[in-house]
Amino acid sequence: MNKNNLHIALVGNPNSGKSSLFNALTGLNQKVGNFPGVTVDKKTGISQLALGLSVNIVDLPGTYSLYPKRADEWVTYKVLLNQDPSVRADMVVLLVDASNLKRNLLFCSQIIDLKIPVVVALTMMDLAAQKGIEIDVDGLERELGIPIVAVNPRKNKGIPQLKKIVELRARQLRQASPRAFIDNQALAAGAVQDVRKLFPEASDYTAIHYLINHEHFDFNPDLQHKIESIESAHAFNHTRIQADEILQRYGRIKQIMKHTVAEPDPLEKTLFTEKLDRLFLNRTWGISSCWGYSSCCSRACSGSHSIRWTPSTGPSRNWVAG
């Protein structure tokens, strides 16, 4: 691996902290241009991972999944599918928002199945903690089969550790890819196998995306015709395949989170609220409790009297000389 010869794509859901991490990794060694053919900013920079080892980093537009709708999402999609001649991604640093883990893991699972080397930067851990969410990072790492580093780019926490993990992963690019997140070939076995005969280096999941969006890629007319023929021969249904895929992904994500994430039970919150409602809205206790609460507040503000409450006699006042 030569110096400055490695290209890393920084990707993640919108508002996952991607710009902050890009700035933390590149500092002042960055520039802004445009992606060809679209008015979407192209932020690139250089990061020194270790002595004598610098890498090129491109900050790709935020997206929720590999099913693009907006122009900026198409930019990210084409880079990850290796269909943008101006940008290549040898590795991905994927930002995952710990406070919205389920939604972020959908995109993560898709990138895993593209078989691109990936390192996860787990952000928003402080926000997750405020929500009462606890994440077993080591357990999540084992379940996904990829390295995970908790970071806070604004406070520069975890950045040295992230650089070290990226450096180690960069030196092992030729190692076997992690296991597939779901069985993508089973979604459309015959069609996937035929496309992979045309693109031997493509993963099963990449083959599915070639079937779905080949018209948007710069394939020669002969390849386009062959993919069209494969679609027809296998009655490839884009909508059904996409729906089946998403359901399978969320099914496995649910199981992974069951073993690695502890979240407050919404039912417990509801029951606690209902108990408070019953207390304060009770015709006898509720009125007295509210009266006692407001009287205590009045005393706290004026310092003029104290409140004593007994269930048998009700509220009584001890006036305090001012």
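**Exercise 1.** Decide whether Gln-83 is buried or exposed, and find out which residues Gln-83 touches.

*Solution.* Gln-83 has a relative accessible area of 15%. Buried means under 20%, so Gln-83 counts as buried in this predicted model. Next, place Gln-83 in the chain: this residue belongs to the loop that runs between helix H2 (71–80) and strand S5 (91–97). Leaving out residues up to four places away in sequence, Gln-83 touches Lys-78, Tyr-210, Phe-217, Asp-218 and Phe-219. Finally, look at His-216: 133 residues separate Gln-83 from His-216 in sequence, yet their C-alpha atoms are 9.2 Å apart.

**Exercise 2.** Work out how helices H7 and H9 are oriented to each other, and which residues meet.

*Solution.* Start with the axes of H7 (residues 189–198) and H9 (residues 221–233): they come within 10 Å and cross at roughly 165°. Angles over 145 degrees count as roughly antiparallel, so that is how H7 and H9 run. Their crossing is right-handed. On the H7 side, Ala-191, Asp-194, Val-195 and Leu-198 take part, and they meet Leu-223, Lys-226, Ile-227 and Ile-230 of H9. Sorted by class, this contact has six nonpolar residues, two charged ones and no polar ones.

**Exercise 3.** Find which residues have the most contacts inside the largest nonpolar core.

*Solution.* This core has 64 residues, and those with the most contacts inside it are Val-11, Leu-80, Val-92, Leu-94, Leu-101 and Leu-144. Helix H3 (residues 101–113) gives the most to it, with seven residues. Apart from this core lies another, of 22 residues, including Ala-50 and Val-166.

Note on methods. Residues are numbered from 1 along each chain as its sequence is written. This is a predicted model: local features need pLDDT of at least 70, side-chain atom pairs count only at pLDDT 80 or more; totals for chains, interfaces and linings use all residues. Side-chain values use heavy atoms; hydrogens and water are left out. Axes are lines fitted to C-alpha atoms, for helices over the stretch in contact, and angles run from 0 to 180 degrees between N-to-C directions. Helices (H or I, at least four residues) and strands (E, at least two) are DSSP runs, numbered from the N terminus. Angles under 35 degrees count as roughly parallel, over 145 as roughly antiparallel, 65 to 115 as roughly perpendicular and the rest as oblique. A crossing is left-handed if the near helix is turned anticlockwise from the far one by less than a right angle, and right-handed if clockwise. Contact means heavy atoms within 4.5 Å. Ala, Val, Leu, Ile, Met, Phe, Trp, Tyr, Cys and Pro count as nonpolar, Asp, Glu, Lys and Arg as charged, and the others, Gly among them, as polar. Buried means under 20% relative accessible area, exposed over 50%, partly exposed in between (1.4 Å probe, protein chains only). A nonpolar core is a set of buried Ala, Val, Leu, Ile, Met, Phe, Trp, Tyr and Cys residues joined through side-chain atoms within 4.5 Å.
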